[in-house]
Amino acid sequence: QVAPAAGTRFHQDRAKNHPILLSHTNALNSRSELYSPLCECVCSDVCFLSQVKKLVYVYLVRYAEEQQDLALLSISTFQRGLKDPNQLIRASALRVLSSIRVTIIVPIMMLAIKEAASDMSPYVRKTAAHAIPKLHSLDPEQKDQLIEVIEKLLADKTTLVAGSVVMAFEEVCPDRIDLIHKNYRKLCNLLIDVEEWGQVVIINMLTRYARTQFLNPNINESLLEESSEKAFYASDDEEDEDKKAEAATLAKRKPYVMDPDHRLLLRNTKPLLQSRNAAVVMAVAQLYFHLAPKAEVGIIAKALVRLMRSHSEVQYVVLQNVATMTIKRRGMFEPYLKSFYIRSTDPTQIKILKLEVLTNLANETNISTILREFQTYIKSMDKDFVAASIQAIGRCATNIGEVRDTCLNGLVQLLSNRDELVVAESVVVIKKLLQMQPEQHSDIIKHMAKLIDNIQVPMARASILWLIGEYCEHVPKIAPDVLRNMAKTFTNEEDIVKLQIINLAAKLYLTNSKQTKLLTQYVLNLAKYDQNYDIRDRARFIRQLIVPTDKSGALSKYAKKLFLALKPAPVLQSTFKDRDHFQLGSLSHLLNAKAAGYQELPDWPESAPDPSVRNVEVKDSVCARRTVLTGPEESDSGSGSESASASDESGSGSESEESREETESEDEEEDEEKEKKRKKRLDKTKAKKPAEESAERCTIAPSGSIKMYELLHRITGEGLAVEYCFSRQPFSPDPNMVAVQIQFTNNTNSETKNLHIEEPRLQSGMRIREFTEIGLQPSGESVTVVMGIDFCDSTQAANFQLCTHTRKFFVSIQPPVGELMTPVFLTENDFKKEQGKLMGMNEISEKLMLGEKCVNEHVIVERVTATANLSRVPCGSEKECRFAGKTVSSGCLVLVTVPTKEGGGAQLTVNCEKMLIGTLLVKDIMQALSQ
């Protein structure tokens, strides 16, 4: 049934029969007889259905390695697909081509990836980034060429590509951090808009990058911690010397100032703590834990606690990381103590992890609350959870001396519990606690000795025997009797219990040989013939030590010191204590073992590397007064040290440009003269009537209709009012910038001095050309200046500070999408030709009802040109209006068509390669025409 479906002659029958292939996919996985007809299918034009094409592609990829000769037949088809006008077909062809694991087509794959990396469509470039690791795994010798492609794609400004190319970077060349330097700030700024899994990859990569490029923000605190530990163990003389040495080193060390790029990373990742994706939140949390100052790490606690409401799998991973964090940074989770209380519906592994966190959070303040919780947990039916709860009580007693006696008494009461597992676990924990103060608790040892006949769990019996043997001097009357009873059941005991019986016999022989000499010999004789060789060897060894003979060696003299030496009390530590050397959130941290492909988290550098490697030079004309580099934004006005560091960064970033200012002073004077002339022309333009303006070949809306926007209200500006508009005139210093006309009005009774711009906060790729500083503005007068902004074809705001000699005001300019364009003059044939190139996903069409005032062609043209800076294109039809323009920054064509229909209807069509601009423009024009 399947073979005829694949090989039928008629296209319609093939399309109809391909669902049969789909239903037999599982059967096809075990046979490759149909490869040849499907190769013919893909080489013909039958694959006009996308579903059919996907199925055929999947099948070809599956059997390409087995049928390499036949696979080569379809290569030419995929190569043709790489030139297809449809971006989806180009991407699909590249995906299949890179998935065919045949080494002979490696050069073809490399060429296809290089071409796709330069494709106009970001979706195709993203697919090219996905193909890079596939080709690298097929032929590692192509690494050098692939690195060149990665370097090119890293410079891509599209959010769709960023995550994929960083993933390729991590797979192919994770050690080439020099490729990241120039793109670091761009990646930080794009991070918020990248898709979720791309955010995870970028954050993990930037975490390792930051550990190599920035100084430890907690370096001074770590020095203080080290000095306090040394002082605890040092003598007085050594302590004085250490203090002098530490004082000298601290005096030499400069006060820590955070690098602005370090601050940029922390600031741009902080909003992602509110992401709906748990992996993104976890990635940001580990970044803050590994990179942020201790005072700022606390903000991740609330986000991680929020993830505790997710599925149990997410809870498990989050709790693993929280347990590690609470060992070093306990304070950040203390306010959320109740969030870690255990529910009866929690799985066992979640319960145990929550116990771990609660134990780590225990201190003198909250220990009473936590112990009450633990008492409730002991009543649970989950035996593993009960055992973990008893161990948690023991850890609390070890860490907090004030509650040790309380915990010990509570555990002793558990010895009378009906559940044998509870009793056994209590015995093991009590044994560890008694080692700390054995002389004060001989009564407890006696009580436990009486329970040995009732307890059957081997570990518990062994713990009681060890306690009695270790502290036999505190219970001289009970210990021999315990040995007598255990000798009776020696042959039936588990191996771990037998070993402790032998140890007990040896210790009693050394301390009370009169009563226990015969018993000891009896036990050693039983052990001599035991089936376990460990027990036999232990018996021979102990016999030679404690029973001196002529053949005994020198060690027999020291038998008492060997067996009855003081032993240090055990330290009950968290199993998560040393896990922080793995990067949080990684598989290696989860498993507590280094997984394949894990990259170690680098140590902090001792001295800061050169930060200038991250400066990106912006090419500009020579007559520029000052070009602002797209660098890290300064932090909010909360931290003085941060603002200081940011100003240092801006200073270092513009040193080379300021050094050119002196040599370019003559050019600047000429530029100022041109600026004055242009202002005069602009004023004349305002004075023209609309009728006169329509006579010129210019489609700029009449100046009366140019909308003024408020930049600074006179009340907010303390008398200084600022308005701006988009003049729609070319910005002569840089044609890729939008000209923004700004009008300052001084409403105060005094002069305003030194009006200028400072501290631009720009998105990646945006640039700003400031106006020349206004030295003096008299009271009651208005001054108009022009500045240029490269918005990078986006409607995101340009933020900056407007400064006078006394005050600074934070302002922002956000352009309507129509002001990001400049008119283009096209003939009707050119318009149709360009429109044909921008079809498919690049075309947006909407129906609308024209407003009551849109009664004729003149009103439609006026409204469209008022909304967008476009020019009218000649058209043979009276019922159709055409407009053309291009984006100021990138020069992408924007074509608008408005054919009117009877009854007041119309069809609005916008063709533009940038889909976002097209969508926004359609919305604005529809609003203008429907009013």
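In this predicted model, helix α9 passes α10 in a left-handed crossing. Helix α9 covers residues 106–117, and α10 covers residues 122–138. Their axes come within 9 Å and cross at roughly 155°. That makes α9 roughly antiparallel to α10, because angles over 145 degrees count as roughly antiparallel.

Helix α27 spans residues 420–434, and helix α29 spans residues 458–470. The two axes come within 8 Å. They cross at roughly 30°. Angles under 35 degrees count as roughly parallel, so α27 and α29 are roughly parallel to each other. The crossing of α27 and α29 is left-handed. Two numbers carry such a description: two packed helices are described by the angle between their axes and the distance between the axes.

**Salt bridges**

How many salt bridges does the count come to? The total is 29 salt bridges.

| Pair | N to O distance | Burial |
|---|---|---|
| Arginine 395 and glutamate 356 | 2.9 Å | arginine 395 buried, glutamate 356 buried |
| Arginine 882 and glutamate 828 | 3.3 Å | arginine 882 buried, 8%; glutamate 828 partly exposed, 27% |
| Glutamate 880 and arginine 882 | 2.9 Å | glutamate 880 buried, arginine 882 buried |

Take the pair of arginine 395 and glutamate 356, joined by a salt bridge at 2.9 Å, N to O. It links distant parts of the chain. Arginine 395 sits in helix α25 (residues 383–399), and glutamate 356 sits in helix α23 (residues 348–361). The two residues are 39 residues apart. Both side chains belong to buried residues: arginine 395 is buried, and so is glutamate 356.

Arginine 882 takes part in a salt bridge with glutamate 828, with the closest N and O atoms 3.3 Å apart. Arginine 882 lies in strand β13 (residues 880–887), while glutamate 828 lies in helix α40 (residues 828–837), so the pair ties together parts that are 54 residues apart in sequence. Is arginine 882 buried or exposed? Its relative accessibility is 8%, so arginine 882 counts as buried; the cut-off for buried is under 20% relative accessible area. Glutamate 828, at 27% relative accessibility, counts as partly exposed.

Arginine 882 also meets glutamate 880 in a salt bridge, at 2.9 Å from N to O. Both of these residues are buried.

A further group forms a network. Arg185, Asp259, Asp261 and Arg614 are linked by salt bridges.

**A surface patch**

Which residues form a nonpolar patch on the surface? They are Leu88, Met841 and Met915. Together they have about 260 Å² of accessible area. Leucine 88 lies in helix α8, residues 87–99. With a relative accessible area of 44%, leucine 88 is partly exposed.

**Positive phi values**

Most residues other than glycine have a negative phi, and most peptide bonds are trans. Asparagine 592 has a positive phi, near 60°. Asparagine 592 is placed in the loop between α35 (587–591) and α36 (640–653). At 36% relative accessibility, asparagine 592 counts as partly exposed.

Cysteine 792 likewise has a positive phi, near 60°. Where is cysteine 792 placed? The residue is in the loop between β7 (782–790) and β8 (798–803). Cysteine 792 is partly exposed, with a relative accessible area of 24%.

**Contacts across the sequence**

Leucine 755 lies in strand β4, residues 752–761. At 0% relative accessibility, leucine 755 counts as buried. Leucine 755 and histidine 805 are 50 residues apart in sequence. In space, their C-alpha atoms are 7.2 Å apart.

Cysteine 892 sits in the loop between β13 and β14 (893–899). Its relative accessible area is 13%, and cysteine 892 is buried.

Technical notes
Residues numbered from 1 in each chain as written. Predicted model: local features only at pLDDT ≥ 70, side-chain atom pairs only at ≥ 80, totals over all residues. Heavy atoms only, no water. Patch = residues over 30% accessible without salt bridge, like charges linked within 9 Å, V, L, I, M, F, W, Y side chains within 5 Å. Areas by Shrake-Rupley, 256 points an atom, 1.4 Å probe, with all protein chains shown as cover. Salt bridge = Lys/Arg side-chain N within 4 Å of Asp/Glu carboxyl O. Helix = DSSP H or I, 4+ residues; strand = E, 2+ residues; numbered from the N terminus. Buried < 20%, exposed > 50% of the residue type's maximum accessible area, 1.4 Å probe, protein only. Axes fitted to C-alpha atoms, helices over the stretch in contact; angles between N-to-C directions. Parallel < 35°, antiparallel > 145°, perpendicular 65-115°, else oblique. Left-handed = near helix turned anticlockwise from the far one by under 90°.
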